[in-house]
Amino acid sequence: MKPGLSHLTLSFIFSLLWVTPVQAMTETAVPAQVNSELAYALRFVGPDRENPASLSVERLHGLIGFLEQAKAGKALFHPENPKGLVSAYYETDVGRDMEHLLRLTYSPDVPEVFTAPSTLRRADWTRVEADGGKLPRLWERRGTPEAPAHFTGVEHLVNTPDQTTGAYYDYDLARTVILTRYQGRPLLLSLSKQTGVSGVGRKGLIVGPDERWDYLYTGETGLNHFGIGWAKTYMYDSCSVALYLESPTPQRRVRLGVFKWLSAGWSGINMVKTEHIHAGLARYGATFKQIVEHPKLTDLQGVERHLKAIQSLPEPRLKQIAADYLTQLGKQARQRGLLNAVETDALLGADQSGKGTQRGDLESIVVIEYLKKLLGRPHQVDLTQVLADSQ
């Protein structure tokens, strides 16, 4: 910490940096019953969790009722804030059925970044407590209130640069996923708790509009803001409860509702506000909806085949594709004044594959470029031959 800056001054500066415009939204506490049932749901995730098979849907009536009820358009809902964490709620309707969502979000053949390119750099399950140690194909199981399908594990995540500070973090989450039914309809619960403090925040760059999903990761500690670029920030703690409930209507849409709690900042001080969390959830939710509803994602077997081909590429080929991508992105970053030539050379390194880039990072680059091509969006590299080889 630079001398002469008090915690109060730091808090004020950080609050200015992390302000996210929320048009005339009013913070509104969720009902007490919802808080109670959220606390009950969180008992099934983490090292001291209860057996997920014992979860009672009967004890989630208030929570599910809140999910299904119409909301006031200008209300910014938040649950109770345990342990000093700040919280927010977000929901959206997705025009697909539960099976389609499960095949895209919890398939061993579909990387998690495929449906979250705006918020995840990479995601790796370091432990899955299920048969074979792999993600189970939940869409092939019929979870019921009497016998819910479920799995637990630990996931290591690296997120994309924050839209305001540019910081990105790596951290571990304990995860529990439960598939059951409510009033005869599929209900999925996705629960998480952060395990330990994250790695220090590092400087990332959003190159162009965020909707392009083009990000650079410098590996350097700090924030991309003049005057406090040196700040060492962390995600101290987080947890979440996400519910996916299929509609009873013939259209078979799914409503997604996410409750999230977060503490992040520096010097042990939580700098996060409710609107920050809501903005992050909306960033994820809007992208998720655009992807899973896209008409090009009806042939999921073809998508899985292409993704397997990408994950099977020899590392030299992956590095070549990633180098082409990063070279193009580096040029754009210089044109936009985000980097100078010296910084670009230092970032990409002699082999042009990116500073500190690992195989998982390389695969994520190619997967997201494939996603852009599939959705008809601008992309940086030509994957025609890679995809042709997978036919």
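What is the volume of the largest pocket? It is about 1200 Å³. This is a predicted model, in which local features need pLDDT of at least 70, side-chain atom pairs count only at pLDDT 80 or more, and totals for chains, interfaces and linings use all residues. Residues are numbered from 1 along each chain as its sequence is written, and side-chain values use heavy atoms, with hydrogens and water left out.

**Stop 1: the largest pocket**

Select Thr 119, Tyr 171, Lys 260, Gly 280 and Leu 281. Of the 45 lining residues, these lie nearest the centre of the largest pocket. (A pocket is an open set of points on a 1 Å grid over the protein atoms alone, where a 1.4 Å probe fits, with protein on both sides within 12 Å along at least five of seven lines; lining residues have an atom within 4 Å of a point.) Now colour α5 (274-292), one of the elements that give two or more residues to this lining. α5 provides the largest share, eight residues. (Helices, H or I of at least four residues, and strands, E of at least two, are DSSP runs numbered from the N terminus.) By type, the lining divides into 24 nonpolar, 15 polar and six charged residues. (Ala, Val, Leu, Ile, Met, Phe, Trp, Tyr, Cys and Pro count as nonpolar, Asp, Glu, Lys and Arg as charged, and the others, Gly among them, as polar.)

**Stop 2: the second largest pocket**

Next, select Pro 108, Pro 111, Ala 123, Asp 124 and Gln 311. They are the closest to the centre of the second largest pocket among its 21 lining residues. Its volume is about 510 Å³. Strand β4 (120-129) and helix α9 (359-374) each supply at least two lining residues. β4 gives the most, with five.

**Stop 3: the ring pairs**

The whole structure holds twelve aromatic pairs. Zoom in on Tyr 89 and Phe 259. Their ring centres are 4.5 Å apart and their planes meet at 40 degrees, so this pair is tilted. (Rings of Phe, Tyr and Trp, the last by its six-membered ring, pair if their centres lie within 6.5 Å; planes under 30 degrees apart are stacked, over 60 edge-to-face, the rest tilted.) Tyr 89 is in β3 (residues 86-94) and Phe 259 in β12 (residues 254-266), so the pair ties together parts 170 residues apart in sequence. Both residues are buried, meaning under 20% relative accessible area (1.4 Å probe, protein chains only).

**Stop 4: charges over rings**

Stay on Phe 66. The charged end of Lys 71 sits over its ring, 4.7 Å from the centre. Then jump to Tyr 217, where the charged end of Arg 121 sits over the ring at 4.0 Å from its centre. (NZ of Lys or CZ of Arg must be within 6 Å of the ring centre and within 35 degrees of the ring normal.)

Definitions and conventions. Buried means under 20% relative accessible area, exposed over 50%, partly exposed in between (1.4 Å probe, protein chains only). Grid points are joined across faces, edges and corners, and a volume is the space filled by probe spheres set on the points.
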